[in-house]
Amino acid sequence: VQLVESGGGLVQAGGSLGLSCAASGSIISVGAMGWYRQAPGKERELVAVISSTGSTHSADSMEDRFTISRDNAKNTLFLQMSSLKPEDTAMYYCAAPAADIWGQGTLVAVSS
């Protein structure tokens with residue numbers, strides 16, 4: 001399975017953005033999936049994860065602003081982001097961590 005993210009871009013603070021991650025094969029087989037991000041000069045951090053049955057967990061700092069979802073029938077993972085802040089600027093990666101499958105990333109830049 002390969003993962004390809006899309007939807008990144010430049011947005012003003014307070015704005016919203018939606019990311020998608022298209023898988024080349026069935027995402028049911030890879031189990032839980034997640035979004036991670038890495039800002040310049042910082043370590044990669046978890047944004048949110050979702051199990052194959054839809055249970056979710058988000059990082060505390062993003063729980064009220066970011067929503068993860070998945071469409072198993074379309075083999076696609078989503079991340080809806082709202083109330084974006086400049087500190088949300090990062091490369092966002094989709095992944096199936098248990099299978100160690102990662103996408104190439106999509107850049108999100110939030111201007112103040």
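Two strands count as paired if DSSP finds at least two bridges between them. Strands themselves are DSSP runs of E with at least two residues, numbered from the N terminus. In strand 3, for instance, glutamate 5 has cysteine 21 as its bridge partner. What you are looking at is a predicted model, where local features need pLDDT of at least 70 and side-chain atom pairs count only at pLDDT 80 or more, while totals for chains, interfaces and linings use all residues. Residues are numbered from 1 along each chain as its sequence is written, and side-chain values use heavy atoms, with hydrogens and water left out.

**View 1. An open sheet of four strands, in the order 1-3-8-7.** The pairing here is antiparallel. Strand 1 (3-6) and strand 7 (66-71) stand at the edges with a single partner strand each, so one side of each has no neighbour in the sheet. On average, neighbouring strands of this sheet are turned by 15 degrees against each other, direction ignored; the axes behind such angles are lines fitted to C-alpha atoms, and angles run from 0 to 180 degrees between N-to-C directions. Take a look at strand 1 and strand 3 (residues 17-23): four bridges pair them in the antiparallel sense.

View 2. Strand 5 then pairs with strand 6 in the antiparallel sense over three bridges, and alanine 48 has serine 58 in strand 6 as its bridge partner. This hairpin has five residues between its strands, with glycine 54 taking a positive phi near 105 degrees.

**View 3. Arginine 37, in strand 4.** Is this arginine 37 buried or exposed? It's buried, with a relative accessible area of 8%; buried means under 20% relative accessible area, exposed over 50%, and partly exposed in between (1.4 Å probe, protein chains only). Glutamate 45 in strand 5 is the bridge partner of arginine 37, and the side chains of these two are also joined by a polar contact of 2.7 Å. A polar contact is a pair of N or O atoms within 3.5 Å; within protein, one must be able to donate a hydrogen and the other to accept it, and residues adjacent in sequence count only if both atoms are side-chain atoms. The side chain of arginine 37 makes another such contact with the side chain of tyrosine 92, at 2.9 Å. Not counting residues up to four places away in sequence, arginine 37 touches a list of residues including Met62, Phe66 and Asp88. Contact here means heavy atoms within 4.5 Å.

**View 4. The one aromatic pair that a search of the whole structure finds.** The rings of tyrosine 36 and tryptophan 102 have centres 4.9 Å apart and planes at 55 degrees, so the pair is tilted. The rule: rings of Phe, Tyr and Trp (its six-membered ring) pair if their centres lie within 6.5 Å, with planes under 30 degrees apart counted as stacked, over 60 as edge-to-face and the rest as tilted. The pair links distant parts of the chain, since tyrosine 36 in strand 4 (residues 33-38) and tryptophan 102 in strand 10 (residues 101-102) are 66 residues apart. Tyrosine 36 is buried at 13% relative accessible area, whereas tryptophan 102 is partly exposed at 26%. Arginine 44 lies over the face of tryptophan 102, at 3.9 Å from the ring centre (a charge sits over a ring if NZ of Lys or CZ of Arg is within 6 Å of the ring centre and within 35 degrees of the ring normal).

**View 5. Strand 11 (residues 106-111) and its alternating side chains.** Four bridges join strand 11 to strand 2, running parallel, and valine 11 stands opposite valine 110. Strand 9 (residues 90-96) and strand 11 run antiparallel, joined by three bridges.

**View 6. Arginine 65, in the loop between strand 6 (56-58) and strand 7.** Arginine 65 is buried, with a relative accessible area of 11%. Its side chain reaches the backbone oxygen of serine 83 at 3.0 Å.
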